[in-house]
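Have the structure open while you read.

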Amino acid sequence: QTCALPIFTDHVLSRALPGELLTLRLVGEISDFVRFNRGLVRQPGTVDQRVVTLRLVRDGRQATAERTLSGGDADFAVLDAALTDLRARLPLLPADPQLNLATGTAPSSTTAPDTLPPTEEMVATILDLAAGLDLVGILAAGSMVTGYATSDGQRHWYESRSFNLEWCLYLHGNTAVKSGYAGATWDPAELRARMAAARRDLAVLGRPMKTLTPGQYRTWLTPSAVNELLGLANGWGGFSARAIRTSQSPLLGLWEGRDRFSPLLTITENAAGGVAPRFDEEGWIRPDQIGRAHV
């Protein structure tokens, strides 16, 4: 498949001199953002941005430059100037022993179909379902692109379209129900079911509170609660090889075999079914599933 990389890609990569390797990584988006408060729209807006990271490699040295582009003809001059700056800086840098760029990778291209309705239609549905509720939240919807190319011929392109709606229904004080709905296909019926479930949870929170005395209690965690815990562990470097080797990972006991989770728990990164590109910043292609293991 043909990659949809912008025309400035070939322009800047063709300027690589003998002995040089140039890589270009593009990350961009055109997304609508809508903030809600008290069940009403408070702040609508659109983000249209694209950021390019150039990397120049020669004799084991590497230097990078990041530039925000406009999408117009002026981008060519911006990238030319960035390359000139990299050539000036590269001789001043030591060789990088961690340099590990992919080579000879087959091209890849993924473009998700546009199945999202207009943002205005999504907002109208949210407001209708939130009638009479103190809803606070944010809707983000649109397309995101990631591209990677090198002067030795690698080409990768990934384009996705998705939405993410996160909201809270407030009862009083600090009492609220947090909910979310995200995906690539907008289904008003699914949102209606989630909003109804949030309403029911809000009614439960309105009941008189019970104070638990210290002791042992069996607890059930919802999938969203497990996601929050995993996100917290990851934010603290729980799955980072560097954090493990420097004994800073909160999951160090698991890696060293001193602690164990239930054998019923399996942690898998499903790269094939996610909304992130299948290639990383060095051009390596991720497998369909990563880290499938019981811990």
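The second largest pocket comes out at about 310 Å³ in volume. Keep in mind that this is a predicted model. Strand S6 (155-172), strand S7 (175-183) and helix H5 (223-235) are the elements that each put two or more residues into the lining of this pocket.

**Pocket lining**
- S7 is the top contributor to the lining of the second largest pocket, giving five residues.
- By class, the lining of the second largest pocket splits into five polar, four charged and two nonpolar residues.

**Leu 171**
- Staying with strand S6, you'll find Leu 171 there.
- Leu 171 has 35% relative accessibility, so it counts as partly exposed.
- Skipping neighbours within four places in sequence, Leu 171 is in contact with Leu 202, Leu 205 and Gly 206.
- Thr 266 sits 95 residues away from Leu 171 along the chain, and their C-alpha atoms are 36 Å apart.

**Thr 150**
- Thr 150 belongs to strand S5, which covers residues 135-150.
- Is Thr 150 buried or exposed? Its relative accessible area is 2%, so Thr 150 is buried, the cut-off for that label being under 20%.
- With neighbours within four places in sequence set aside, Thr 150 is in contact with Leu 13, Leu 21, Leu 22, Thr 23 and Arg 155.

Key:
Residues are numbered from 1 along each chain as its sequence is written. This is a predicted model: local features need pLDDT of at least 70, side-chain atom pairs count only at pLDDT 80 or more; totals for chains, interfaces and linings use all residues. Side-chain values use heavy atoms; hydrogens and water are left out. Helices (H or I, at least four residues) and strands (E, at least two) are DSSP runs, numbered from the N terminus. Buried means under 20% relative accessible area, exposed over 50%, partly exposed in between (1.4 Å probe, protein chains only). Contact means heavy atoms within 4.5 Å. On a 1 Å grid over the protein atoms alone, a cavity is a set of points where a 1.4 Å probe fits but cannot get out, and a pocket is an open set with protein on both sides within 12 Å along at least five of seven lines; lining residues have an atom within 4 Å of a point. Grid points are joined across faces, edges and corners, and a volume is the space filled by probe spheres set on the points. Ala, Val, Leu, Ile, Met, Phe, Trp, Tyr, Cys and Pro count as nonpolar, Asp, Glu, Lys and Arg as charged, and the others, Gly among them, as polar.
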